[in-house]
Amino acid sequence: MAHHKKNRNVGIIGIGQTKHSSHREDVNQPELIHEAVRLALQDANLTMKDIDCVVHGNMELFEMVHQPDLWHVLGTGAYGKDCIRITTGGTVGATLSCASDNLAASGMYDIVMAIGFEKLQEGHTTGGITNMADPLWFRKIQAGALTGSSAYDVEREFGLERANRASLTYRIIMDKHACLNPNAHRAFGLEFSQIDDLIRTSPKLVGELKLIEMCSQSDGACCVIFACEQKAKELARTPVWIRDHITVHREETFNIFGYDRKVPVIKTHKFAAEQLFGRNGIKDPLNYFDVFEMYDPATWWAIDWLRDFFALHGDEHLKLVENKEIMIGGRMPINPSGGVIGSNPIGATALIRVAEAALQVRGNAGPHQIPTPVKHALASGFGGTMWTVMTMLEKELNW
Amino acid sequence: MGRRLAVCAVAQIKNHPNYHYLRFQNMLLDCFEPIMEQTQATFDMETGIRTIITCSDDVFDARTISDNGITDVVGAHFRGEEKIAQESINGLGYAMACILSGHDDVILFMGHCKESQGESRRMVSNLAYDPFYCRPLGMDYHNVAALQARAYMEKSQITDAQLAKIVVRSRKNGAKNPYGRENKLVDEEEVLNSPLYSDPLRELHLYPVTDWAYGMLLCSEERAAEFTKNPVWITGYGSCMDRYFMGDRDLASNFSLKNAAQRAYAMAGIKDPRKEIQLFELADQAAYQLPMWAEGVGIADEGQGGQWIDEGGMETFNVNLSGGQLNGNPLLLGGAARVIECYYQLSRQAGERQVENAKRAVAQAATGGAGQHQAVIVMETQGG
């Protein structure tokens, strides 16, 4: 692998998130961001004087603000600082984390602050996402992120009954996790006994994709502070080390013509996981990682993607869900935070995955902390046309 | 991995008022192919390009995640593609970090902007303002620039005649640049009689609506020889954000540019830019900005921009021999355009605009109302 050793290690030393909600009418955009920034600074016991560079990301057309880092300086604290704005669709939060890691590892900056933000209440989310599609060919047949094709695939492979029950089991596990997370947007208090009722009563959005299975749109912000090894050791009691990250994008249009079950199109999640684990010598990711914060915009994607990320075969991924091994306390806890299905301020969402994974490694995630020690954590981002970003976090600098 | 970033190759299409017959994908492909041809770079996962950094803007493109539409034409299928949604020059700063961090060793950096596609660039930049106070007032980059122009002209004793001189020179220089936007040559009288746009800015004081795209191959110091015999090095980068509300800023202070320049100079080990740098490409989106940014990067004395023009400062310091942004680049890509001119000069490919013995150059870019955000790049030839 041509991949180099890092110039210097980088650790997460501060984390702040807002309460995520469908409507944060009490704050404007810079004020919302400021909440997360203030909390991250408090968490790191720093002030803005200590920050060398601010990295900002969201998607402009959701709130219709052009280059919003300019206005948001009122809340980001970037005045007088180096400031970079990077966006990559739904993956943007994860990209902010990768970029901050690179910026701090490069030696150009010692302490870098990443800020992901979205106030979806101020735009039209599905309209915004649909606007991603090519205006000449695909925009008219697109429904943004709403797609029933994964549901169709899972049902075709495992049967309607089993697929639907697995989907709703996943949904209820995420809700139980969200109920433990004070920042989560949607926390209904669902019970497993409601599965049959929900399958019957939840309105269908597209094909078999039901309303209860889809993420919502949220307002929220997340701020994570990264520091070079020396500063991280000086400043933080428990820095969480970024071991490696990978980004895998793909073509604009979905490859649907010529689809062949015998020669399936490789998925970016699978490709990214193989590359990342391969170059870090991880042969059994299901046993290596202690927790996985996965970008799960809908239950069908989530249950399907477990197979790609962990290189599982047959129905092993469904069994993980059915046997509730993905619950807090299970073999591979997925999204103790409640996941994207619980809260989805899009520009912040993938950064929240990194932040939540880091909280689990630190061991102070609060009521949704998993009970066993977390040494190795994984976070993923999803966006664009099936794009993937993966980040590995470690408790010890010993790899 | 060294402490500098190698620019191994650049490609661009000609700056044009309206590429109505090209989609932005086509514009990029016309830059992508020459880069691959010049460098023979590959997308091999071991030794090739694994990371592509692009620059584009959702509002200018009227597409959410506007980089999604270019993933395949920039070679990012099953590779990483990260989008700078800010001034393109920051993409180079970020590329530098990717390489110095050890995470990457070869990066393709591409950008596009079709300003002609939007109904109005004033509408686009009006959207950069908050929807509560500034947007309803009609604030945009042009009328905010007018406020700054007034403040700066008063501070540095800039006259309408000097602004005319800057515009005339820009178009003359632009005419010598084969990739420059083709503009009518004007004389000072025409500029002085050009209609007022946002007082004191006249129509000819402003950069014209332009479409453009570019590509660059960047790599670590160790690998430069694989792609070129003649690398140009990026040795310094710095940026800085100023306050948002106009009333909170001293508009003529150059606060953010001075900080950005100092950071870039410190990284490159430059103590005296007047003696150590032979070429400057400045982001003159409006004529008054050329002397103002010259003060900001340290080649004109504070408050002496007018005198600096009269004393031939633009020629002494080889400022904007490409024609500058005033001759025409899309707003978003001004920084990349400045860097590309420095690359041509430092690699001795600048044709009749070539500066003899240019060893070090500075490219500057501004984003936001009245240059709220500034960034500076220092570039050097082999010997530095």
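How much area is buried between chain A and chain B, and what share of it do carbon and sulfur atoms give? Let's take a tour and find out.

**Before you click.** You have a predicted model open, where local features need pLDDT of at least 70 and side-chain atom pairs count only at pLDDT 80 or more, while totals for chains, interfaces and linings use all residues. Residues are numbered from 1 along each chain as its sequence is written, chains are lettered from A and ligands numbered from 1 in the order in which they are written, and side-chain values use heavy atoms, with hydrogens and water left out.

**Stop 1: both chains.** Show chain A and chain B together. The area buried between them is about 5800 Å², and carbon and sulfur atoms give 58% of that. Buried area here is the accessible area (1.4 Å probe) that two parts lose on being put together, summed over both. Now select H66(A), L70(A) and Y79(A): these supply 13% of the area that chain A buries against chain B, more than any other three residues. In the contact (heavy atoms within 4.5 Å), chain A takes part with 69 residues and chain B with 71 residues.

Stop 2: Select D134(A) and R23(B). They form a salt bridge, with the closest N and O atoms 2.8 Å apart. A salt bridge is a side-chain nitrogen of Lys or Arg within 4 Å of a carboxyl oxygen of Asp or Glu. Between chain A and chain B the count is 3 salt bridges. The interface also has 33 residue pairs in polar contact, both residues at pLDDT 80 or more. For that, a pair of N or O atoms must lie within 3.5 Å; within protein, one must be able to donate a hydrogen and the other to accept it, and residues adjacent in sequence count only if both atoms are side-chain atoms.

Next, colour the side of chain A that touches chain B. Elements that each supply at least two residues to that side include α3 (69-76), α4 (92-105) and α10 (268-279) of chain A. Helices (H or I, at least four residues) and strands (E, at least two) are DSSP runs, numbered from the N terminus.

Stop 3: Pick out I86(A) here, and you'll find I84(B) standing opposite.

Stop 4: Chain A has 15 helices and 11 strands. Its C-alpha atoms fill a box of roughly 55 × 45 × 40 Å, taken along the principal axes. E35(A) sits in helix α1 (residues 29-44), and R24(A) in the loop between β1 (10-17) and α1 of chain A.

Stop 5: Chain B has 15 helices and 11 strands. Where does its peptide bond from D199(B) to P200(B) stand, cis or trans? That bond is cis, with omega near 10°, and P200(B) is in the loop between β5 (196-198) and β6 (201-202) of chain B. Finish at R348(B), whose phi is near 60°, a positive value in a residue other than glycine. Look for R348(B) in the loop between α15 (334-346) and β10 (360-367) of chain B.

Notes:
Two strands pair if DSSP finds at least two bridges between them.
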